[in-house]
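Work through the exercises below with the sequence and the 3D structure at hand. Try each task before reading its solution.

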There are 2 protein chains.
Amino acid sequence: MLQSKLFSKTIREAPKDEKSINAQLLVKAGFIDRLASGIYTFLPLGYKVIKKIETIIKEEMEEIGGQELLLPTLHPKEIWQKTGRWETMEDLYKLRAGKGEFALGPTHEEVVVPLAKKFIQTYKDLPTFLFQIQTKFRKEKRAKSGLLRGREFLMKDLYSFHTSETDLDEYYEKVKGAYFNILKRVGIAERTYLTYASGGTFSKYSHEFQTTTSAGEDIIYICQKCGQAVNEEIKPETPRCPNCQGKLFKREKAVEVGNIFKLKTKFSEPFGLYFTDRQGQKKLVQMGCYGIGLGRLMGTIVEIFHDEKGIIWPKEVAPFQIHLIELESRNSKLHTPPPPSHPRGGPLVRSIAEKIYQNLLKGKSEVLYDDRNDRSAGEKFADCDLIGIPTRIVISERTLKQSSVEFKKRNEKKTKLVKISNIKNFLIAQLTN
Amino acid sequence: MLQSKLFSKTIREAPKDEKSINAQLLVKAGFIDRLASGIYTFLPLGYKVIKKIETIIKEEMEEIGGQELLLPTLHPKEIWQKTGRWETMEDLYKLRAGKGEFALGPTHEEVVVPLAKKFIQTYKDLPTFLFQIQTKFRKEKRAKSGLLRGREFLMKDLYSFHTSETDLDEYYEKVKGAYFNILKRVGIAERTYLTYASGGTFSKYSHEFQTTTSAGEDIIYICQKCGQAVNEEIKPETPRCPNCQGKLFKREKAVEVGNIFKLKTKFSEPFGLYFTDRQGQKKLVQMGCYGIGLGRLMGTIVEIFHDEKGIIWPKEVAPFQIHLIELESRNSKLHTPPPPSHPRGGPLVRSIAEKIYQNLLKGKSEVLYDDRNDRSAGEKFADCDLIGIPTRIVISERTLKQSSVEFKKRNEKKTKLVKISNIKNFLIAQLTN
């Protein structure tokens with residue numbers, strides 16, 4: 001895409017109403033815009049990142065049998081009364097419409113369980129796995145952490161339905177695996193700890209995926225023996241590691257990027273979600289639920305991967321793979337007539353940059369091409385570092401004299417000259433490792 | 001996908017609370033589920049259709065320069081007060097949260113214009129085109145038309161920003177073209193009429209894309225000379241065709257699947273959205289807005305393409321391209337040992353059906369494979385016709401004796417025997433015409 005056409009522009013000054021690093025950088029770089037506390041627009045650059053994360057999550061959910069659907073946002077009061085959560089869930093947005101009252105869905109057990117009841121009759125209909133990616137709503141009192149805690153936020157929620165606790169247990173382990181695959185692909189698995197947390201009334205524990213960063217609002221204790229962790233909330237009653245009985249812990253701030261929960265019969269009971277087993281017996285369906293926040297993931301990635309100049313996107317979630325920068329000097333000595341292959345003419349630097357851009361597009365590369373002719377080299381480099389695309393290619397007079405262009409990775413300091421004729425091979429080698 | 005694993009099942013009886021044909025068929029076939037009046041879940045089958053429509057719309061929007069973003073759903077009261085619509089828009093869902101009040105976005109001018117103000121300064125930033133695909137909310141009093149009129153519904157909204165009315169006019173024509181491309185691809189362009197409608201205070205007319213069907217809640221008058229139409233709402237003051245001055249009209253019921261609107265400075269004025277032109281003059285930005293309903297499109301397609309047996313999906317929006325049906329007789333005379341290439345064994349019909357299924361998947365075909373072994377042939381055919389996938393392939397004893405399988409298109413009566421060895425070529429020929 002041409003940067004001159006990109007809707008968003010970078011902003012020099014960090015916005016005053018943003019305290020968190022992720023929001024400061026994402027707003028400055030033109031990925032998000034703040035409408036109100038905890039309510040953000042994903043600008044075209046930011047939405048590309050969200051779509052990358054979405055694709056990764058979908059692939060991993062489908063890999064473990066998940067079927068995607070889209071549940072409604074407006075939930076009639078009656079279904080939330082069935083579980084008692086209309087009164088007990090404090091962060092529920094409620095609204096009145098005519099005679100009816102609705103909640104804005106913060107989670108979807110109250111909708112998905114009655115739905116499942118329509119299609120699950122016997123053991124033959126189980127197990128089944130449903131997921132969606134959708135905007136959710138929670139009345140947050142403190143929403144000061146940018147994308148880490150929103151009043152409306154994108155979430156993937158998966159619900160699983162089983163004939164037995166054993167089957168639920170097995171699937172729960174599969175989801176753990178899928179979640180670590182997701183975290184690995186978005187680049188934060190190494191800093192993410194499977195963390196024991198409160199299990200509520202039906203299970204002893206649930207598990208959170210906690211990613212360590214100073215921006216985290218949670219405190220976790222990482223077991224120095226097995227590498228799993230315990231949330232501070234349950235640490236007092238859990239002096240030993242529940243996984244390995246270890247006694248040594250390291251205290252860290254962390255962000256809960258995902259959580260998984262054995263609901264067992266907590267929701268199948270109030271809604272009467274039964275199935276008939278092989279022996280013709282009627283039994284309650286066993287359930288699990290599994291959440292992961294897309295915006296929160298994006299915010300966490302920025303909290304971890306940045307430096308004083310800007311964001312450093314991991315490859316798989318970067319909005320573009322290549323930032324192609326043209327440094328065109330108006331008084332260029334190379335301002336010679338273009339070769340016959342460039343009938344449109346124009347300065348040599350631009351002509352070569354355009355040709356490289358077109359070739360990259362043909363090769364299906366995702367390229368942001370800084371074609372702006374009213375910015376200095378300094379401004380272009382600063383924007384490039386702020387936006388944080390993994391690979392930078394600079395086309396300038398200086399290197400064209402050697403028939404070369406300059407490559408630099410955002411996460412490295414060194415630059416490298418590459419012959420124009422060799423760009424393609426160089427890129428293939430670079431993008432595939 | 002294996003039909004035995006599909007979450008939704010077909011329902012024999014049409015639900016009593018659904019009056020519209022689209023909702024009756026879509027609910028019976030397992031594409032959608034009704035949570036409350038005008039509020040539906042898109043089940044896995046239905047969500048596949050939505051995703052197909054979404055992809056088509058995205059491609060056509062990007063083709064005319066649209067940049068995708070995601071605007072928030074919770075809109076602070078203050079921005080809606082700026083345009084006066086907090087009071088005047090009757091179908092606004094409102095909610096209170098702490099000290100603040102919010103509307104649930106039914107349209108996004110109030111959000112996108114202040115956003116544009118942050119990035120549009122000079123003529124160099126124009127034109128620019130922003131679109132999103134998102135759930136919108138409208139407090140509908142009557143929501144009896146299934147997907148044609150929802151309280152929450154998926155919509156694509158595009159906003160364009162220009163330096164001049166001339167530029168807006170040109171882009172408006174481009175959007176018309178893009179909309180007809182979309183309608184052509186989803187299969188309803190032939191029945192859709194560009195329809196003059198009220199333009200509000202800033203323009204004489206807006207345009208609707210009205211698709212004729214008896215389920216339509218609108219009445220249009222189609223000019224028999226030029227084929228454009230006039231909405232009944234403005235017909236009294238528009239006795240002649242505004243396009244060609246024609247006098248003969250045909251009255252039809254229709255569904256408004258899309259609309260386009262020259263907003264001009266209606267929203268740039270209250271929000272002070274100015275740009276500096278080439279001469280250094282400050283001017284108001286000219287705007288257009290362009291909507292298209294995804295669920296409504298899906299509902300309209302069903303209203304048009306169905307018969308007494310079920311839905312008949314056009315290829316480009318079908319959830320799958322092929323419905324592969326295995327008719328396995330338990331007392332099969334062909335129940336011979338499988339050929340060596342099928343070490344897992346099992347009856348011949350199943351073994352061949354599975355092999356064809358795997359080969360179709362390898363060839364990237366989208367296949368729903370009815371592998372259910374507890375349904376009669378009659379039930380399988382009825383489900384197949386109800387679900388409405390374009391091509392049916394039946395694997396049965398009868399035709400296997402001739403080393404053949406049976407092909408049938410959903411929209412044709414005739415069946416055709418195709419040699420197993422020739423399936424691939426036959427499919428390629430069929431799917432590409």
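A residue is buried if 20 or more other C-beta atoms lie within 10 Å of its own, exposed if 12 or fewer, and partly exposed in between, with C-beta atoms placed from the backbone. Helices (H or I, at least four residues) and strands (E, at least two) are DSSP runs, numbered from the N terminus. The model is predicted: local features need pLDDT of at least 70, side-chain atom pairs count only at pLDDT 80 or more, and totals for chains, interfaces and linings use all residues. Residues are numbered from 1 along each chain as its sequence is written, while chains are lettered from A and ligands numbered from 1 in the order in which they are written.

**Exercise 1.** Describe chain A as a whole.

Solution. Begin with the elements: chain A has 12 helices and 23 strands. Next take the extent; the C-alpha trace of chain A spans about 85 × 55 × 45 Å along its principal axes. Then turn to burial: of the 433 residues in chain A, 47% are buried.

**Exercise 2.** Find which residues of helix 1 of chain A are buried, and what covers them.

Solution. Just after helix 1 of chain A, A:G30 has a positive phi of about 85 degrees.

**Exercise 3.** State the strand order of the open sheet in chain B.

Solution. The 3 strands come in the order 4-6-5, with antiparallel pairing. Strand 4 (74–76) and strand 5 (94–97) of chain B are the edge strands, as each pairs on one side only. From one strand to the next the twist averages 40 degrees (axes are lines fitted to C-alpha atoms, for helices over the stretch in contact, and angles run from 0 to 180 degrees between N-to-C directions). Strand 4 and strand 6 (residues 100–104) of chain B are joined by 3 bridges. One bridge pair is B:P76 with B:F102 of strand 6.

**Exercise 4.** Which classes of residue make up the side of chain B that touches chain A?

Solution. Two residues are in contact if their C-beta atoms, placed from the backbone, lie within 7 Å. By this rule, 36 residues of chain B are in contact with 36 residues of chain A. Among the elements of chain B that give two or more residues to this side are helix 2 (44–63), helix 5 (109–119) and strand 7 (128–137). Ala, Val, Leu, Ile, Met, Phe, Trp, Tyr, Cys and Pro count as nonpolar, Asp, Glu, Lys and Arg as charged, and the others, Gly among them, as polar. Sorted in this way, the side of chain B that touches chain A has 22 nonpolar, 6 polar and 8 charged residues.

Technical notes
Pairing = 2+ DSSP bridges.
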